[in-house]
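Hi,

Here is the structure I promised to send over. Have a look at it below, and then read on for my notes.

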2 protein chains.
Amino acid sequence: MNPDPRRARPRSSLGIHCTWAPDGGVDQASAPIVDMGEFGPYAGPHRLADAEIDGELVRITWDDAVQAVYHRLWLRDNCACADCRHPQTRERTVKLVDIDEPGRPEVTSDSDGALTCTWADGHVSRFDPNWLRQRRPEADGPAQPTPRLWTSARMADGLPSVDHHAVMNTNDGLRRWLDALSRDGATLVTGGPTQPGEVVRLAERIGWPRETNFGRHFDVQSKPNPNNAAYTAIRLEPHVDLPNWQRPPDFQFLYCLENKADGGESLLVDGFAVAGGLAEEDPEAFETLCTLPVDFRFQDAENDIRYRAPVIGRDADGAVREIRFNNWIRDAQPMDPAAAERFYRGYRRFWELLRDPKYMIRFPLKPGCMMAFDNLRVLHGREEFFPNTGKRHLQGCYVDRDLVDSRLRVLERT
Amino acid sequence: MNPDPRRARPRSSLGIHCTWAPDGGVDQASAPIVDMGEFGPYAGPHRLADAEIDGELVRITWDDAVQAVYHRLWLRDNCACADCRHPQTRERTVKLVDIDEPGRPEVTSDSDGALTCTWADGHVSRFDPNWLRQRRPEADGPAQPTPRLWTSARMADGLPSVDHHAVMNTNDGLRRWLDALSRDGATLVTGGPTQPGEVVRLAERIGWPRETNFGRHFDVQSKPNPNNAAYTAIRLEPHVDLPNWQRPPDFQFLYCLENKADGGESLLVDGFAVAGGLAEEDPEAFETLCTLPVDFRFQDAENDIRYRAPVIGRDADGAVREIRFNNWIRDAQPMDPAAAERFYRGYRRFWELLRDPKYMIRFPLKPGCMMAFDNLRVLHGREEFFPNTGKRHLQGCYVDRDLVDSRLRVLERT
């Protein structure tokens with residue numbers, strides 16, 4: 001609107017793949033579109049048969065008679081021309097707040113079967129018919145992997161397992177691993193090397209490790225001056241790591257480098273399945289664990305990290321979305337006796353179910369193998385081990401769910 | 001219970017400060033307690049005057065006639081003897097699930113004014129009277145810094161500001177900075193060097209940076225092939241970074257190394273204050289932004305990170321706890337026309353208020369200065385700048401709220 005000689009708006013001169021040249025601006029050249037994800041080709045089968053304005057709405061009919069209705073402001077907001085989306089970042093640059101009233105557009109179905117809207121100020125928006133079809137108001141949201149809850153019977157033949165070489169070297173192996181991790185919440189990567197650092201290299205196939213007060217990665221072995229139970233040799237009850245964080249790590253990887261000590265079998269249990277079991281047999285206990293806030297707290301010389309949340313967290317729709325169970329760092333919080341009565345009853349029963357062989361699996365983790373699990377769903381533990389009988393050395397790190405989901409989406413592009 | 005010759009339970013031989021020697025176990029030696037936080041000395045003024053059992057409850061009277069009632073299971077669960085807490089990690093090792101029925105304890109107020117409970121199996125728990133006093137059921141939870149919402153008038157003399165040298169070299173400076181950051185959600189650190197990397201050194205006074213798809217830290221300057229709007233020179237509307245993450249960064253630091261370009265003034269606005277303003281003038285619009293889920297999505301060649309959440313997030317108590325406003329990466333999500341009608345009306349008004357000089361402040365960020373702000377509360381932006389007129393170079397990073405809160409607590413110990 002106000003050309004300024006100091007302005008040097010970037011224009012792409014890259015040889016990037018141009019899939020569908022938008023041509024919406026009044027005085028603008030077509031800008032190439034980066035070929036990625038939703039901005040990729042919409043080589044769908046459909047063309048528009050008809051388009052009409054109806055008050056605030058634009059009504060569309062495709063060539064197979066399917067119809068949809070879009071609000072005119074939604075169309076203006078989602079114009080994909082080079083004035084309305086940055087031609088390189090593809091981010092939205094149009095600001096509805098700056099358009100007093102775009103008006104009711106003149107709509108036509110053009111010769112390519114695309115929708116063209118001409119707005120009150122002369123701006124033209126053009127929409128690919130298949131892009132529109134994907135975004136019908138009644139279209140489903142982006143699909144998320146569906147959790148498949150499990151009991152020990154389903155894992156009788158072992159966890160879903162992918163070969164280390166396939167994960168590190170093939171997109172298919174990586175996809176199979178992450179898909180199982182998302183759905184089952186627990187997987188094995190097998191047959192890898194036993195050099196330190198491999199756990200981080202696996203994380204880097206996805207993105208990068210989430211750093212915590214235990215570092216960017218951590219070594220799990222019996223240490224002389226432990227600051228948490230994992231660095232001792234005691235039995236570790238099934239638990240979630242770092243429930244004392246507002247934002248605990250989503251996924252945990254534990255890679256075995258050496259395991260010669262007696263004992264130390266790994267334990268895993270699907271906490272969502274157990275929460276479901278508790279809800280079924282004792283709805284009152286379940287409700288208590290879903291609603292009574294519990295303090296978790298870790299302290300050492302450098303940290304004092306605490307958070308208050310129920311043991312079982314539900315989302316707005318009432319579905320179980322996280323478990324915070326960790327008896328070591330549950331704080332000595334003030335508690336009303338009536339709440340204590342309810343809490344300890346529910347907590348005990350939940351704990352009994354976590355240990356129940358119906359739910360819990362137990363297996364030795366072998367050198368060169370890594371278990372990866374959803375830290376907020378699948379609780380992990382280990383039997384006591386005996387450091388005097390041999391060395392036991394695991395390396396661990398954490399990875400954000402955002403990165404696992406993102407990697408799966410990027411793999412789906414290929 | 002089953003002594004095993006392979007067991008070599010760690011016993012501290014460190015010269016750590018022993019504050020209160022617990023003596024609860026039947027056959028155990030006293031173990032020293034690490035002097036930290038809640039496990040520090042309880043040199044409070046109170047002793048018990050009386051203790052009695054009353055059904056499931058233990059009733060306590062201190063020497064100033066104050067009374068409190070504890071559930072017996074709470075006391076058993078929180079026994080601090082060396083069998084019930086690990087003597088080095090201080091984590092809870094007692095497992096109520098393994099104690100069939102601790103019974104109703106015999107209680108006495110001993111000669112030190114402490115509470116002694118003797119359980120059915122002979123186990124003895126001893127509780128410091130001042131520790132118990134702190135944990136009366138009616139005691140307040142741990143204090144969190146209270147947000148002080150602001151409009152531009154309150155910031156007329158500038159943001160709360162602390163000298164770089166004080167932050168880097170004194171506990172008092174660090175505490176003043178983090179306290180202001182927690183309460184006001186926006187601060188300046190002034191008078192620092194202009195060498196690259198200082199932003200990370202400041203983060204390391206607290207903990208460590210949160211790594212994202214923009215790296216462990218990032219450089220904000222006009223770049224030839226930008227993958228997001230911040231790397232261009234365009235005006236940046238007030239926004240939140242990374243609302244497309246399930247877990248966006250909590251705090252953001254932006255450190256100015258060089259700022260010779262015309263334009264580019266920094267913009268900040270307290271989104272919680274604006275949300276409050278919207279709730280007051282237009283409750284229906286506020287409710288729409290609190291409840292209508294919005295898709296946010298960032299894509300480049302390596303990432304496809306998306307999340308769905310309302311623009312205004314409330315906690316279980318209905319208090320505003322996060323803002324997700326970022327027009328660039330708001331996705332082209334399918335939207336029912338009736339929802340679109342409500343959404344665009346509320347969104348426009350919220351945006352107008354974000355820009356309103358009543359709320360927004362504007363200032364030039366000088367070299368050697370860093371602004372630090374609560375990314376989920378205080379929206380940031382900048383005016384357009386003109387790269388042809390001089391260089392502009394900021395460095396940024398993110399820090400977790402867990403770490404800021406933890407650092408403040410550790411500083412309070414000193």
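Helix α9 of chain B is largely enclosed by the rest of the structure, because 11 of its 13 residues are buried. A residue counts as buried here when its relative accessible area is under 20%. Please keep in mind throughout that this is a predicted model.

The helix covers residues 401–413 of chain B, and its first and last C-alpha atoms lie 19 Å apart, close to the 18 Å expected at 1.5 Å a residue.

The contact involves 109 residues of chain A and 109 residues of chain B. The rule finds 14 salt bridges across the interface.

Now for the sheets in chain B. One is an open sheet of 4 strands in the order β10-β20-β13-β18, with antiparallel pairing. Its edges are β10 (236–239) and β18 (361–363); each has a single partner strand, so one side of each is left without a neighbour in the sheet. On average, neighbouring strands of this sheet are turned by 15 degrees against each other, direction ignored.

Within that sheet, β13 (residues 266–270) and β20 (residues 378–382) of chain B are joined by 5 bridges in the antiparallel sense. One of the bridge partners is B:Val378 in β20(B), which goes with B:Asp270. Helix α6 (residues 271–281) of chain B packs on the sheet and touches both β13 and β20, and its direction makes about 50 degrees with that of β13(B).

Another open sheet of chain B has 3 strands in the order β4-β5-β6, again antiparallel. Here β4 (106–109) and β6 (124–127) are the edge strands, each pairing on one side only. Strand β5 (residues 115–118) is joined to β6(B) by 4 bridges, and B:Leu115 stands opposite B:Phe127 in β6(B).

Best wishes

Methods: Residues numbered from 1 in each chain as written. Chains lettered and ligands numbered in written order. Predicted model: local features only at pLDDT ≥ 70, side-chain atom pairs only at ≥ 80, totals over all residues. Heavy atoms only, no water. Pairing = 2+ DSSP bridges. Helix = DSSP H or I, 4+ residues; strand = E, 2+ residues; numbered from the N terminus. Axes fitted to C-alpha atoms, helices over the stretch in contact; angles between N-to-C directions. Contact = heavy atoms within 4.5 Å. Expected span 1.5 Å × (residues − 1). Buried < 20%, exposed > 50% of the residue type's maximum accessible area, 1.4 Å probe, protein only. Salt bridge = Lys/Arg side-chain N within 4 Å of Asp/Glu carboxyl O.
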